[in-house]
Amino acid sequence: MATEKSFSLLLPFLVLVLFDSLSGKCNAAATKNELQEAEALVKWKGSLLQSEALHSWSLPTVNGSPCNWTGITCNNGGKVTEINLSNCSLQGKLDHLNFTSLPNLVRLDLSRNALNGTIPTQIPASSQIVFFDLSINQLSGILPLSLANLTHVSVLNISDNALYGEIPPSPFASWINLVSLRIHNNLLINGSIPSEIGVLTNLTQLDLYNNQISGSIPLSLGNLSNLVALVVHENEISGPIPQEIGNLTKLKLLTFFDNNITGSIPSTFGRLINLYQLQLQGNQLSGPIPQEIGNLNKMDQLDLSNNNLTGPIPPSLGNATRLRFLYLYGNLISGSVPQEIGELKRIIFLHFSTNFLKGPIPFTLGNLTELTSLSLSDNQISGPIPPTFGNLRNLNRLALFINHLSGSLPKEMANLTRLQYFYLSYNNISGYLPQMCQGVSLAEFTAIDNSFTGPIPPSLRNCRTIVKIWFQNNRFTGNISEGFGVYHNLSVIDLSNNRFYGELSSSWGDCRNLTSLKFAGNNITGRIPPHIGQLTQLRILDLSSNHLEGEIPSELGRLSLLYNLSLNDNMLSGLVPQEMGQLSNLELLDLSVNNFSGPIPNQLERCTKLRSLKFNRNNLNGSIPFEIGNLESLGIELDLSQNLLSGEIPSHLGKLSKLEKLNLSHNILSGSIPSSFKEMISLLSVDVSYNYLEGPLPDNKAFHNASPEELSKNKDLCGEVQGLRPCNSTLISHGDGKKDHKGARIIVLSLIGVLLFLFASVVICFVLHRRKRNVENEVEEVLNPDLFSVWNNDRKIIYEEIIHATEDFDEKFCVGEGGYGKVYRADLPTGQVVAVKKLHPQEDGEQIVQRSFRNEIKALTEIRHRNVVKLYGFCSHPRCSFLVYEYMERGSLDKVLKNGEGAFEFDWMKRANVVRSVAHALSYMHHDCNPSIVHRDLSSSNILLDMEYEASISDFGTARLLKPDSSNWSTLAGTYGYVAPEYAYTMKVTEKCDVYSFGVIALEVIMGKHPGELVSSLSTSGSQGLLLKDILDQRLPPPMDWEMKKVMLTVALALACLCSDPQSRPTMYHVSQKLSAAKEPFLELHQMLTLCQLMDLSI
């Protein structure tokens, strides 16, 4: 009994000991697992750069658990389930993060750090991760297949990294629980959207935007019935939008903008009744806007801009009453603006510009009282501006320019007290201006080319917020000193070609932010206020064609930023101030048609950027300063005619190699014309008549081609020109003297023969030596000292600098492509920007490419003209061959014409100047180069424009030098639509081929597009009956009278150049002269002028 009793007392003790032993073993196992997780995390920490956020991550830990560490969350069993280290400044890689040691991890958020390297490939198949966010880091590499192991994931975000390659299709089958997939902003992810994406039926958010995804939109996207946001903009997706997208009835956000999507907008979009935002802009969508769009009555934003949509605006859009943003600009939409648009009472932005809308502005737009921005510009809208516009009291921007609006501005416009930007230019609005700027908020007001009359309203005089005013080409009246106040914010004001009178107030000098002040073509009297010299930001000062008198204030010399000073056609007198020489940025100086006296100040040589200098029709005396010859940028014109200048013409003027037009007529100049004028290789027009000049003409084409009138009324000029005697006529004697002269000629000719033989020998030796050196050299460069003079003379260094500047010709620097190569932009260490044309490495056409390479070098080293693109150098190298040109900022004429938004800036006068510049260049190539050069591939793609729209011809890869002793037969070259018809079957190269191409380009510039079938149908009566006004570029307002004269001249010459008989086409010299003439001998201007009438003109 005692034993049983003792055992019964001992048994509970034994059970307790056994339980403690087993519990200890379990705790030890748990501690070991926790320690394993902690060690894994510490190991990863050790691979990262030191971060304050991970300061608590250290061993040993409390009970071996990391659960108290920053960013770590554990479950009840002490296992790590979440890592939340978003925005903790982590730097390093994920390679050492051991997912196997973290088997219970369900949430990983490492977003907004600086992690690099690749996405880990060691994610185990047993992963429990539900939330996976590595966004906004610096991760690179392809998307690993290990992502397929995330079989429980519902949120996957790897956006805003540098990932590349295609989206693999295999993981989608594993992601059936996925709710949110975000891969946007990786830039380099390409390939197509896998059709397997259609299995993700739980997906609510899909973000793929801002990558390089291509291919078509998969039909399987229509299976994602739970999708709320589909964001795929800024990619390279092509093809149509599938009708199946209309199945996504839960969609709230749909963006496909800035892709290459074609086809029409599916009518099934009308089912997307929950849609809040639809953005399809910047694609190539065509066809009409579906009526069903009006069903989307929850929509806040609709953007269909910059496509090719046609047809009318559907009235059903008025049913989408929650719309606040509606953009339809930049399409081909026609018809009128529907009255129903007035039902969109919440609308804030309404932009219908750059379409083909007609008819009046509906009165119902006055109901849109929440509107802040309204743009109807660049259409064909007619009629008056409705008085109901006075209700739009929240309006900040109103753009109505380039339409056919008429009538007067309603007085209710004075209610628009919040209006800041008001654009009315190029309409036919008349009457007085209402009281604008009542709320003292107006910043920009343009009303160019209208028919406004009357004075400037007092409210505008007191408008202190105004920054830009363009009122030119109207009929405004009033005293200019009373109509305007002091505007401290004003930067641009143009009141040209109105009827303002009175004197200029000195208070204009207080408008210290002015950059452009243009009052030309008014009735302003009095003197130029010296206070204008306080406008130190001024770039343009144009007071021409007024009645100003007195001297030019010397204070104008302080305007150091001035590049255009036009004071011509006034009654100014006195001396030309020496302070003009301080205007170091001056490019255009016109003081013509005044009463200036005294000498031309030699200080003008400091104005080294001058391109045009006009002092004609004054009373200037003394000699022509030789310092003018140092103005090497002088290229447009030098006109000193109709003055009292005397003495000899300085030989220094021969240094003006860029000058195109020279007029020294009607002076008292004497002596001979310097032989140095033969160096004026760009000279196209010269007039030295009515002087006392004598002796031979210089060896210059402009003198040889000058008319008798341009050389007449001199003392004794001679030369092989009509109206002048031959220079050797006085050397012919009679009788016995003939034998003496004959003997002298024999001796002279013999000496010349010997000298020519010696010269030829030297040239041959030099050529042989150069050939040998060219074979031996691996890198061959021809350098323009003007560009490379500040560079290292080591040619290999120059070569490497170009390679470095283009990152070995990376595509991101490519700005264009031609038949034989691509053109790259290169920003060089010197700060200069050049264009580099790299030849294609063609397998079967190496000889053709090399011949093109040599042709281009040969042609451009023969040509030196301001309207021919400058060749700075070339390089022939085993790795690549390229040519280095001047860089033209605006690119090709073709590109500018296709830019709908840029058409407004590319106005009629700029277009006429482009045509004239191309004509000058071709005239020089055909008539001033020996032998003549024919381009053979002239097209709008080969005409390049700089920032000032100055044109230069480029791409001479197919150019030919026409030699008198050669048949000039050739293989076919050229661009379809520009090639002369006879060239296709004769294969004979003549200048007339370029003349024909020029005619096509001239029409293209005026029409705003390639003339196409119009050219081939010119011989038919139907085309000849076309009205001139009907072929003009409809994106521009109709030309004013002075512009129409230029347009008529351009079209008439273009039609002459397109004559089917090559011999009947004019020469480019003739075309160039006509385009440069001061007067246009034309028909009376009227609206019914036909092409037939222009073709019948004798020009």
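Which residue forms a salt bridge with Asp207? Arg182 does, in a predicted model. Local features need pLDDT of at least 70, side-chain atom pairs count only at pLDDT 80 or more, and totals for chains, interfaces and linings use all residues. Residues are numbered from 1 along each chain as its sequence is written, and side-chain values use heavy atoms, without hydrogens and water.

**View 1. Asp207 and Arg182 form a salt bridge.** The closest N and O atoms are 2.8 Å apart. A salt bridge is a side-chain nitrogen of Lys or Arg within 4 Å of a carboxyl oxygen of Asp or Glu. Asp207 sits in strand β12 (205-207) and Arg182 in strand β10 (180-182), 25 residues apart. Strands (E, at least two residues) are DSSP runs, numbered from the N terminus. Asp207 is buried at 3% relative accessible area, whereas Arg182 is partly exposed at 25%. Buried means under 20%, exposed over 50%, partly exposed in between (1.4 Å probe, protein chains only).

**View 2. Arg611 meets Glu587 in a salt bridge.** The N to O distance is 3.0 Å. Arg611 lies in the loop between β42 and β43, and Glu587 in the loop between β40 and β41, so the pair ties together parts 24 residues apart in sequence. Arg611 is partly exposed at 22%, and Glu587 is partly exposed at 23%.

**View 3. Eight strands form an open, parallel sheet.** The order is β38-β40-β42-β44-β46-β48-β50-β51. Strands pair if DSSP finds at least two bridges between them. β38 and β51 stand at the edges with a single partner strand each, so one side of each lacks a neighbour in the sheet. Two bridges join β48 to β50. Gly671 has Leu693 in β50 as its bridge partner.

Definitions and conventions. Helix = DSSP H or I, 4+ residues; strand = E, 2+ residues; numbered from the N terminus.
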